[in-house]
Amino acid sequence: MKPNIKDLSCKDLTMFLTERKHPAYRAKQIRQWLFQKRVTSFAQMTNLSRELRDQLDEHFSIGRLRIVRQAESGDSTVKFLLGLVDGSSIESVLIPEAHRLTLCISTQVGCGFGCGFCATALLGLKRNLTASEIVDQILEASRTLREDQRITHVVLMGMGEPLANYIQTTKALEIITDGEWGVGISPRRVTLSTVGLVPQIEKLMAETRVNLAISLHATNDRVRGQLMPVNRKYALKQLLDCCRSLPMPRRKRITFEYVLLGGVNDSEEDARELVKILKGIRAKVNVIPFNPHPASRYVRPSDQRIARFRNLLHAAGLQVNVRRPRGDDIQAACGQLQGEELSGDRHGEN
Ligand code: SAH
């Protein structure tokens, strides 16, 4: 199969062009066709010579993702099940809010980090996505929108651990955030969420300007280690020290995600500890009440308990936000993405 042209770096595309005596600036034009005008064939690249279009067609494909299924929730969240060339599938979720339209995208098929409360973890890691597969989630979701709608924000919070697929993820981030030839979403509107891979966090913050979210979920190593096996490699102190030392522009904050699990990490003492361990970090906290899924043994705390946890953080001066479960009626809420394989509903289709 021909390689997907969207995976070519600028350098490789330019080399292809100059080897064939085409001017280097064609690389930018080609990428504008791919990521801005979003054509699906080389024939549509009408400002290129016939010869160049034929050469591109001979060597490359313009890969696409197949929308296998599209489900809309009662709260207008839309979940896409997207088929990849090798037959595996991933999920993306479109989240409309008053003044923004956010797409939550995946970076791996499955995930290898085994967090005890997460549905994607049950799949294990199948493979990394390529940069084009990461970007194509935005392009395919955009194609389903009305003409007056546009994706304004992107969160890398779908299936997989973005920093465990560092090279393809940062390659995709460049395409997503470039305004000249790329998708053109400002890095201020892009947020990457990680289980807390310390060296890659440092590298990411040095190399990009996207926002950082960290899945914290506990206030001590004992509980965090039980919930997130990665804590054995990067313990809380190391993770928080890293956050303290990151060069943060003055108005920026690190988001800490805290999935609230009934009876596990939702006590008043947990709230007080959370305030304590975040001291000295420009932080905001996203409290995510647990979204149940088949096979999970955790429970969502009562609304009262969620409110009490939130109020304790707020009273201590922390910026805190409780995430409403979006799309939980279609299994599209945080931690419920699991692609086709475990969802059970693929049976009986086709
Ligand atoms: N691997 C990255 C990206 C996934 S983001 C990370 O872990 O940060 C998805 C967010 O949803 C993470 O904070 C994750 O811990 C959280 N999450 C996972 N399962 C969940 C569930 N069942 N309910 C609520 N949040 C969940």
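Helices, of at least four residues, and strands, of at least two, are DSSP runs numbered from the N terminus. In this predicted model, Ile-151 is found in the loop between helix H4 (131-143) and strand S7 (153-156).

**Two buried residues**

Ile-151 counts as buried because its relative accessibility is 5%, and buried means under 20%. Leaving aside residues up to four places away in sequence, Ile-151 touches Leu-94, Leu-101, Leu-103, Ile-138, Ala-141, Ser-142, Leu-145 and Ile-185. Pro-249 is 98 residues from Ile-151 in sequence. In space, the C-alpha atoms of Ile-151 and Pro-249 are 25 Å apart.

Thr-169 has its place in helix H5. Thr-169 counts as buried, at 1% relative accessibility. Its contacts are Thr-107, Ile-134, Leu-156, Pro-162 and Leu-192, again not counting residues up to four places away in sequence.

**Aromatic rings**

The model has four aromatic pairs. One of them is formed by Phe-35 and Trp-181. The ring centres lie 6.2 Å apart, and the planes make 55 degrees. The pair is tilted because stacked requires under 30 degrees and edge-to-face over 60. This pair links distant parts of the chain, 146 residues apart. Phe-35 is in helix H2 (residues 26-35). Trp-181 is in the loop between helix H5 (166-177) and strand S8 (190-194). Are the two partners buried or exposed? Phe-35 is buried, with a relative accessible area of 1%. Trp-181 also counts as buried, at 9% relative accessibility.

Charged side chains also lie over ring faces, as listed here.

| Charged residue | Ring | Distance from ring centre |
|---|---|---|
| Arg-20 | Phe-16 | 3.8 Å |
| Lys-37 | Trp-33 | 4.1 Å |

**Helix packing**

Helix H6 (residues 198-207) packs with helix H8 (residues 236-245). The angle is about 10 degrees, and the axes are 10 Å apart. H6 is therefore roughly parallel to H8, since angles under 35 degrees count as such. Which residues meet in H6 and H8? From H6 come Val-198, Ile-201 and Glu-202. From H8 come Gln-238, Leu-239 and Cys-242. The residues of this contact divide into four nonpolar, one polar and one charged.

Notes: Residues are numbered from 1 along each chain as its sequence is written. This is a predicted model: local features need pLDDT of at least 70, side-chain atom pairs count only at pLDDT 80 or more; totals for chains, interfaces and linings use all residues. Side-chain values use heavy atoms; hydrogens and water are left out. Rings of Phe, Tyr and Trp (its six-membered ring) pair if their centres lie within 6.5 Å; planes under 30 degrees apart count as stacked, over 60 as edge-to-face and the rest as tilted. Buried means under 20% relative accessible area, exposed over 50%, partly exposed in between (1.4 Å probe, protein chains only). A charge sits over a ring if NZ of Lys or CZ of Arg is within 6 Å of the ring centre and within 35 degrees of the ring normal. Axes are lines fitted to C-alpha atoms, for helices over the stretch in contact, and angles run from 0 to 180 degrees between N-to-C directions. Angles under 35 degrees count as roughly parallel, over 145 as roughly antiparallel, 65 to 115 as roughly perpendicular and the rest as oblique. Contact means heavy atoms within 4.5 Å. Ala, Val, Leu, Ile, Met, Phe, Trp, Tyr, Cys and Pro count as nonpolar, Asp, Glu, Lys and Arg as charged, and the others, Gly among them, as polar.
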